[in-house]
Amino acid sequence: SGDVWIGLHEIDPLDGSNMQWVGCEDPIYRNFAVPDPSSTPDDSKCFTVDFTGQWKSERCDQKFGFVCEENMGQCDFDRMYPGTGCGVASPQKSEVTLSDCLNNCRNIPIQPGGEECWGVGFYLNYAQEDCWMFLTVDPEACAKNNFQFASIDMYIKTCFTQTVNSTVVSDNSNSISPESSCLIQYSTSQTEVASVSTSTLPDVTTQSMALEKTSPQYSTETCFCPCETNSTLSLEEVLARIKRELTVDKKETSAYIRTKTCAEDDRRSSQFIGFGGIVFIAIEIGFFILLDFPNVINMFRLLKKNVYSR
């Protein structure tokens, strides 16, 4: 009846896009309600899921139900859509029976980019390969991109079941920050740097501010570099400068660039649609040319008559 916690949370106070699950694992699949969750208010560091399946950032002291994950065994193809095809491009194809097709999809390992076989289209008695396996990062890609086709049956792999436990006692914590062992913490230290004498640098004694990054998954290293002038920046200014240097323009990322490029679609139905469009456009243009053809003939006759009269 409402949003529930999913355990995803921000772990870096300087980078709102850096987030992990409660087991300190990075999410390989993202389904945020807003394109850039780091643009939400700074105190919204924990994530919920709504009834549409989208993730939203909330203050960690809000009161919601929560979702726990438990390994229930092998995934199965519980959902079947008869007379429906999957519109995801570049499937893996083979000429096998339906049962072998579903087993092959289960056994395909997760790809380096996080793609997994989530959907199968089976075209019985097709002249070529009957089994089409769709590898995507989004488990619901075939459910979202489908089309009606009488000879195809689509199967979507389901890895989730649900039960409700109403006896769990809520935690009345009022902390707005995630209670997590994955958080990255920053502290400052003042360290005297010994004087350095080289052919290019004068003797200097500087006071440097080092950021020590400590968390369970990172080793602690401190690097001291001699400066030609004394540093007068405050901690907030140092952190702001680091954040500016680490900020990446979304339009330069590969994920954004892929949204502006076309994916190859080698399905025969797509080729028929393309050829049909070309023929339709050619007929339309030819129709208007034929309508004006008598006028063109009369224009040339008139032009010829004027030339001879001169």
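This is a predicted model: local features need pLDDT of at least 70, side-chain atom pairs count only at pLDDT 80 or more; totals for chains, interfaces and linings use all residues.
Residues are numbered from 1 along each chain as its sequence is written, and side-chain values use heavy atoms, with hydrogens and water left out.

Let's start with the big picture. The protein has 5 helices and 12 strands, taken as DSSP runs numbered from the N terminus (helices are H or I with at least four residues, strands are E with at least two). Of its 310 residues, 25% are buried, where buried means under 20% relative accessible area, exposed means over 50%, and partly exposed lies in between (1.4 Å probe, protein chains only). Take the contacts between residues at least 6 apart in sequence: 63% of them join residues at least 24 apart, a contact being heavy atoms within 4.5 Å.

Now look at strand β3, residues 46–49. It is covered on both faces, with C46 and T48 buried on one side and F47 and V49 buried on the other. β3 and β4 make a hairpin with 5 residues between them, and G53 in the turn has a positive phi of about 90 degrees.

Next, helix α1 (residues 98–107), whose buried residues are C101, L102 and C105. They sit on the same side of α1 because they cover an arc of only 95 degrees around the axis, the arc being that of the directions from the helix axis to the C-beta atoms. An α-helix has 3.6 residues a turn, so residues three or four places apart point the same way. The cover over these buried residues includes β6, β8, β9 and β10.

The search of the whole structure turns up 1 cavity of 30 Å³ or more. On a 1 Å grid over the protein atoms alone, a cavity is a set of points where a 1.4 Å probe fits but cannot get out, a pocket is an open set with protein on both sides within 12 Å along at least five of seven lines, and lining residues have an atom within 4 Å of a point. The largest cavity holds about 60 Å³, and its lining includes G85, C86, W132 and R267. β8 gives the largest share of that lining, 3 residues.

The second largest pocket has a volume of about 2000 Å³. Of its 50 lining residues, R30, P35, T253, A255 and Y256 are the closest to its centre.

Finally, two loop residues other than glycine have positive phi. S90, in the loop between β6 and β7, has phi near 55 degrees and is exposed at 55% relative accessibility. N125, in the loop between β8 and β9, has phi near 65 degrees and is exposed too, with a relative accessible area of 69%.

How values were computed:
Grid points are joined across faces, edges and corners, and a volume is the space filled by probe spheres set on the points. Two strands pair if DSSP finds at least two bridges between them.
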